[in-house]
Amino acid sequence: MRAVRWNSRTNRTGASARDESPGVEHPVSRITGSLMKPERGSVGIAETKYFAFAEPPNEMVLECGRKFGPIALAYETYGELSDTRDNVILVVHALSGDAHAAGHNSPDDEKPGWWDVMIGPGKGMDTDKYFVVCSNIIGGCKGSTGPSSINPGTGRPYGLTFPVVTIKDMVNAQKALLSHLGVDRLLCVIGGSMGGMQVLQWVVSYPEMVRLVIPIATTSRLSAQAIAFDEVGRQAIMSDPDWMGGDYYGKTIPHRGLSIARMIGHITYMSDKSMHAKFGRKLQDKAEYGYDFVTDFEVESYLRYRGDSFVKRFDANSYLYITKAMDYFDLPQAHGSLKQAFAEVHAKFLVVSFSSDWLFPSYQSKEIVSALRYNNIDVIYTEIQSDYGHDAFLVESEQLGSLISNFLEHGRGRI
Amino acid sequence: MAVEETKLDEDGTVVRLAPEHKLIIGLVEPGSRVMDLGCGEGDLLKALKVLKNIRGEGIELSEECIQACVAKGLFNIHHGDLDEGLADYADKSVDYVVLTNTIQVLHRPLFLIKEMARVGKKCIISFPNFGHWSIRLQLLLNGRMPKSPRLPYEWYDTPNIHLATIADFRDFCPVAGLRILKEIRLRTTGEGQCKVVHLLPNLFADAAIFLVEERSRGS
């Protein structure tokens, strides 16, 4: 995997701008050989498609009670649907992800999709065997209906008139997409971070549809600490004078607020150790302190660059809506207890956490495992040793890839 | 330790079985629920699954071992540290809790074995016998810390910190609140096979397997 560079000597608009990829070198593989297939390829050119549904009067009923439509959902597919339609993997993404998970959107597209290391011929999700669908989310800004979309009723962007959506709403919209694709059974649903929340909601909402479940670096509910970080990010956006109560479309966007929100986010995705290894106290383009408030340290430069590049590709209101959806997600509360949440579930689980992830710490994955086990549900749990913090789920692709491919392979042959 | 390759019928999988694994498999009732603590690469669980149709689960500390278990198609493997106990597991929730060749590396063997007896209806515990004549002789004649094929480490970098003899373990069972149901003393032979020892087992057996259960209150 390519190292993502950020400093002033690198082309800032080119390959370096893929924010969904953490800015870390790929670690040397610890698992080699027999567990992974040797040949790995790209899915090639992938086209983002759009599914429109919930046209009035058949709007979707949201968890908040509001009826909402029309809705568009962006998605991509890789591989071939089998004749018996039993090889479908649904990939769901994290906060800032999109439908473009693998391959390139055009031949001159420099960067591949956000999980290209995991999806493709011979990779963790082998597209020679599986039909992989990656769906975007309602509320987002990557081709699906969200606050920056035009309200057909007014001809203007929704802004804050967009309803507050939940993880469950995201999943229900994806269910409609799968019905449209003629898919009524999922071999597997997989995702990390907020994608993992969607994964858990998927199997709880539609237990009869899902055979294998892979929640990665995730939780059944955010900790107070994680909600706190989300709120600081939202306050950064909402206190930017350019935010204008969410009605900034066609005007100056709340650049500073969204940028700061992303900077905070990035800190939470890394670990003390990975930041130390990556930046230490190195200075940016200077040999001595400047004794001013211009950038001194590399870590400052990195965060500013990350913040600035995020603003170019993400909508501030979507950031508010999506973080709110994460904060509201609470499976134990919704079902009385986490044990009860899984009462109807019969799927097999592969639960993965990362040792240095302090945003979605391992104890939260263990709570999921414990509740699954209580319900006699087959579950493999592993905590992968990694220094990359929450970002590890996108970085530790060797360990994760072999776990996923073996789990899919053995899980496919059963039931 | 000598191992034996055993071909399992189901899918032609070959697993490596330690000599005493066959004896342990013999103690397990078909169709039961078995938890293997420190399950390694899942060889015993896989064999139990194929030969005894058990519902198995394993707890293992090593990430690489868990990868190997998943590659074998085992579906209930949990990453965990045995020294932290079995707090997530309910009383008597499995038929057998198995601890093979691991008791000597635990920091708190009494704690874990009580946990095993709480979670399992029965427990199977195997361990190397530190009372074997060759070990006694090494210490007596050489005056140096003994080593054996089962205990091959130098004293300064051994993971084995709680070694016991068969006699020690028998004394230990009432302390841990255990009743001994069965005791198999064995001697490993050169070909990775093992034989049951009847005569002076604490002297001639190099390992032992105990089948135990929790003493009910008042008994």
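## A buried helix in chain A

In this predicted model, helix H7 of chain A is largely enclosed by the rest of the structure, because 10 of its 13 residues are buried. The buried residues are A:Ala316, A:Asn317, A:Ser318, A:Tyr319, A:Leu320, A:Tyr321, A:Ile322, A:Thr323, A:Ala325 and A:Met326. Their cover includes four helices of chain A: H1 (167–180), H2 (194–205), H3 (224–238) and H4 (255–269).

H7(A) runs over residues 316–328. From the first C-alpha to the last, H7(A) reaches 19 Å, close to the 18 Å expected at 1.5 Å a residue.

## Where chain A touches chain B

The contact between the chains involves 19 residues of chain A and 13 residues of chain B. On the chain A side, the elements that give two or more residues are helix H10 (362–374), strand E14 (379–384) and helix H12 (397–412). E14(A) gives the most, with six residues. By residue type, the chain A side divides into nine nonpolar, six polar and four charged.

## The fold of chain B

Chain B contains seven helices and 10 strands. Its C-alpha trace spans about 50 × 45 × 35 Å along the principal axes. The radius of gyration of chain B is 17 Å, which agrees with the value near 17 Å for a compact globule of 219 residues.

Of the 219 residues of chain B, 44% count as buried. Among contacts in chain B with a separation of 6 or more, 63% come from residues 24 or more positions apart.

Terms used
Residues numbered from 1 in each chain as written. Chains lettered and ligands numbered in written order. Predicted model: local features only at pLDDT ≥ 70, side-chain atom pairs only at ≥ 80, totals over all residues. Expected span 1.5 Å × (residues − 1). Buried ≥ 20, exposed ≤ 12 C-beta atoms within 10 Å, placed from the backbone. Contact = placed C-beta atoms within 7 Å. Nonpolar A, V, L, I, M, F, W, Y, C, P; charged D, E, K, R; others polar. Rg over C-alpha atoms; globule rule 2.2 N^0.38 Å.
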